[in-house]
Structure formats: structure tokens, C-alpha cells
Amino acid sequence: REYLARALELDPYLSEAHSHAIVISALIDNDFEGARSAFEKAIEYGPSNWPAHNAFGMALNNRGQYIEAIDVLGRGLELNPYKPEPWLRFNLGSAHMSLGQYDKGMQLLAANFSDNKGTSLESQVVTQFGNAPLFWGRYDEAIAVFEIAIRDGNDGARIRGLLAHSLLAVGDIKTAATQVTHGEAIVAEQRAAGRTMNPSFWAVEDAHKLLDMATNNMEHLLAEQKRILSTIETSQGTWSEIRIFDAGLRAIILRRWEEAATLMDNFTVDLGNRSPENFSYAAYAYQKIGNTEKAEFHLREGRSELEKILRVPHPTIREHMETSLMEAVAGRTDETIDALRSAYELGFRDHAYLVYMPLYDPVRGDPRFLDLLRTMRADTKQMLERVKKARASGDWESLIARHFGS
């Protein structure tokens with residue numbers, strides 16, 4: 001802020017400075033009108049400033065204003081057609097996907113994938129390209145992206161962890177376990193080099209967590225939780241928050257309600273992570289230990305946050321899933337099922353999450369919930385058959401070929 005203020009003092013017409021003001025206003029101060037004002041100044045003083053379009057387009061995405069985001073990001077792409085910046089394409093692709101235009105979004109990410117092979121950005125664009133179908137429940141496509149990356153030498157613990165996640169989602173537990181083992185070896189090498197806080201470590205931990213849930217092996221989870229809890233006191237900053245959330249979520253999955261309530265209360269209230277999902281976890285844990293006052297507080301706060309995000313004209317999978325969690329904790333079965341169906345219609349296929357997440361216990365016996373699980377399992381079974389066919393032939397490209405069209 002200090003240097004930005006100084007830059008604008010020296011030159012109030014400096015377009016690049018106003019671009020940075022967009023980021024501070026939108027992502028730090030949550031001041032959307034301030035971000036719009038900064039964007040207008042940035043393009044007034046620098047009509048060819050495509051980074052300003054990227055920054056403001058990302059702010060629009062975060063607010064759920066996807067149609068305007070496509071307009072702004074599209075103009076930014078036109079200003080930089082010869083070497084498009086990967087994040088600009090990614091943000092534009094995300095906006096299309098949020099409107100249900102999956103193939104349009106994937107074509108943009110595929111272009112990133114093609115243009116940045118062999119560059120320092122390759123791992124970033126692989127992660128973007130593979131994460132999109134993983135989020136949308138197109139697990140066969142996610143597996144193809146990560147397998148191609150590994151085959152071509154772009155190997156890393158994060159990619160291995162995400163591949164393991166994708167394989168578990170289609171039920172290929174044996175191959176997923178192999179990916180976790182490879183990922184752990186990579187993490188060990190990074191630790192030996194002094195890179196103990198590499199974010200890829202968390203991807204591998206996530207794969208471990210999912211693997212243990214899939215195989216019902218809870219002993220490892222208990223040991224991991226104790227290890228993570230022991231590191232919280234010595235952690236600093238963001239890493240401490242990540243560990244608190246991770247330990248709290250594990251406590252919920254293991255139904256250790258006292259621990260879960262304490263950790264999630266700390267994460268939501270003390271540390272300010274005020275998402276409906278986080279409040280739902282805290283509320284349910286407090287319900288289970290009989291603290292009605294605290295449970296109602298977290299439900300009320302979570303409902304307030306949910307109302308804010310549901311103001312967007314086109315709710316995404318995330319909004320529908322957060323709604324389903326909140327409604328399940330509140331004991332509103334019909335609303336829970338409706339939200340899950342809406343998420344499914346947009347592409348949600350992670351039936352394993354519905355199976356192991358205790359917050360869905362209140363609706364677990366409802367025939368509509370069981371029907372939805374059966375439908376998701378059938379979808380992922382078909383994906384697994386496509387994965388097996390691609391593995392046998394070595395032709396992973398066939399699963400994602402359509403995204404490379406014009």
C-alpha cells in the first residue's frame with residue numbers, strides 16, 4: 001500500500017499502478033466499487049493494459065458476475081493475442097465454466113496446456129487444466145491430463161497427489177496408492193533439499209486422506225491427526241491456519257466432536273475464515289456435543305454468509321454444495337437433496353465425499369439421497385472403463401482431444 005500510494009503520488013496517471021489497486025481493493029479490502037473505479041482509471045490511462053482486465057475480471061468472477069467477467073477478460077485477451085498470459089485464459093475459462101459452458105472453458109485451458117509445454121509455467125497450466133475436470137466430476141479427463149504430464153516428464157508431488165485423488169474418485173484404489181507412494185518420494189527429496197513447506201506436500205496428504213477413507217483404514221488417519229495437532233503450536237501464519245483446518249476436518253471425519261468443535265470454532269471465529277462450509281462443520285460438531293447455543297450461533301453466521309454468496313445470478317457447484325451442508329446441519333432434508341441435485345446437474349460426481357462426510361448423516365437414509373449416490377457411482381464406473389481403455393492403449397489424448405478444437 002505504501003509503495004502504491006507513492007507511485008500514484010509521483011504519477012497519478014500511471015495505468016500499471018491502478019492495476020495493482022484493483023487487486024488490493026477486490027481481494028484484500030473486499031471493496032468491489034473501489035476495484036471498479038481503479039479498473040476504469042487503469043484503462044483510461046492505458047487502453048492496452050490487459051493485466052488490468054485480468055485483475056478486474058478475476059474480481060468479477062469472485063462476485064459471481066460471470067457474464068461481465070467474460071466481456072472484460074475477453075477484451076483483455078484481444079489486447080494480448082500473441083502470447084496470452086495463462087492466468088487470463090484461466091480466469092476466462094473459469095467464467096465460461098461457471099455459466100455451464102464447460103467445453104468453452106476447457107478449450108482455453110487446453111490452449112494454455114499446448115502453448116506452455118517445456119516452459120517454467122508448465123506445472124501451473126497442467127494443474128489448471130487437470131483441476132477443472134476434477135472439480136466438475138469429469139475424472140477420466142483429469143486422469144488423462146495428469147498421466148500425459150507425467151509421461152512427458154512433468155512430474156511432481158502435486159500432480160501425483162491430484163492424480164491419486166482422481167483415481168480414487170473412479171474407484172481405482174490400487175493405482176491411486178501407487179501415485180501416493182511416488183508423491184511421497186518426491187516430497188522426501190524436496191524436504192532433503194530444505195523445501196519443507198512446498199504446497200505439493202498438502203496435495204499428497206489429501207490423497208492419503210482420501211485413500212484411507214476409501215479403504216476404511218483409520219489407523220493412519222489417527223496418527224496423522226496427532227502429528228498435525230502437535231505441529232499447530234509451532235506453526236506460523238497461513239501454514240498454521242491450514243493445519244488447524246486440516247486437523248479439524250479430520251476430527252469431524254473421525255467423529256471426534258470435542259476436538260472438531262474447538263478447532264473449527266478457532267478457524268471460523270478467531271481466524272476469520274467465514275465460509276458457510278466452515279460454519280457448517282463447527283455447527284455440526286457443537287450439535288454432537290450438545291452445545292446448542294454454540295451450534296445455533298455457527299448456523300446463524302453460516303446462513304448469513306450463505307445468503308451473501310447466493311446473491312450471484314448463476315450459482316456454481318461450490319455454492320450448491322455449501323448450501324447442502326448448511327441445510328443438512330439445519331435438518332432440512334428436502335432443501336439438502338435439492339441442493340445436491342443442483343450440484344449434480346452442474347457436474348458434481350464425488351460420491352465418496354457424500355459417503356464419508358458425517359454432516360450428511362441426517363439425510364443418509366433418505367431414498368432420494370441413496371438414488372443420487374447410485375447414479376453418481378454409475379457415472380464414475382463408466383469413467384473408469386474409459387480410463388482402463390486409455391491405459392491399455394496408451395492413448396490418453398483421446399479422452400481430452402475434443403478440447404483442442406478451434
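Here is a short chat about the packing and ring pairs in this predicted model.

Biologist: How are the rings of Phe-32 and Phe-56 arranged, stacked or edge-to-face?

Modeller: A search of the whole structure turns up 14 aromatic pairs. In the Phe-32 and Phe-56 pair, the ring centres are 5.6 Å apart, with 20° between the planes. Planes under 30 degrees apart get one label, and that label is stacked.

Biologist: What does that pair tie together?

Modeller: Phe-32 and Phe-56 are both buried. Phe-32 lies in helix α3 (residues 32-45) and Phe-56 in helix α4 (residues 50-62), so the pair ties together parts 24 residues apart in sequence.

Biologist: Which residue has its charged end over the ring of Phe-32?

Modeller: Look over the Phe-32 ring for a charged end 4.0 Å from the centre. It belongs to Arg-63.

Biologist: And why is the pair of Tyr-353 and Tyr-356 edge-to-face?

Modeller: These two sit three residues apart in helix α20 (residues 351-356), about one helical turn. Ring pairs also link them with Tyr-360 and Phe-369 into a cluster. The Tyr-353 and Tyr-356 ring centres are 5.8 Å apart, and the pair is edge-to-face because the planes are at 80°.

Conventions
Residues numbered from 1 in each chain as written. Predicted model: local features only at pLDDT ≥ 70, side-chain atom pairs only at ≥ 80, totals over all residues. Heavy atoms only, no water. Phe/Tyr/Trp six-rings, centres within 6.5 Å; stacked < 30°, edge-to-face > 60°. Helix = DSSP H or I, 4+ residues; strand = E, 2+ residues; numbered from the N terminus. Buried < 20%, exposed > 50% of the residue type's maximum accessible area, 1.4 Å probe, protein only. Lys NZ or Arg CZ within 6 Å of the ring centre and 35° of its normal.
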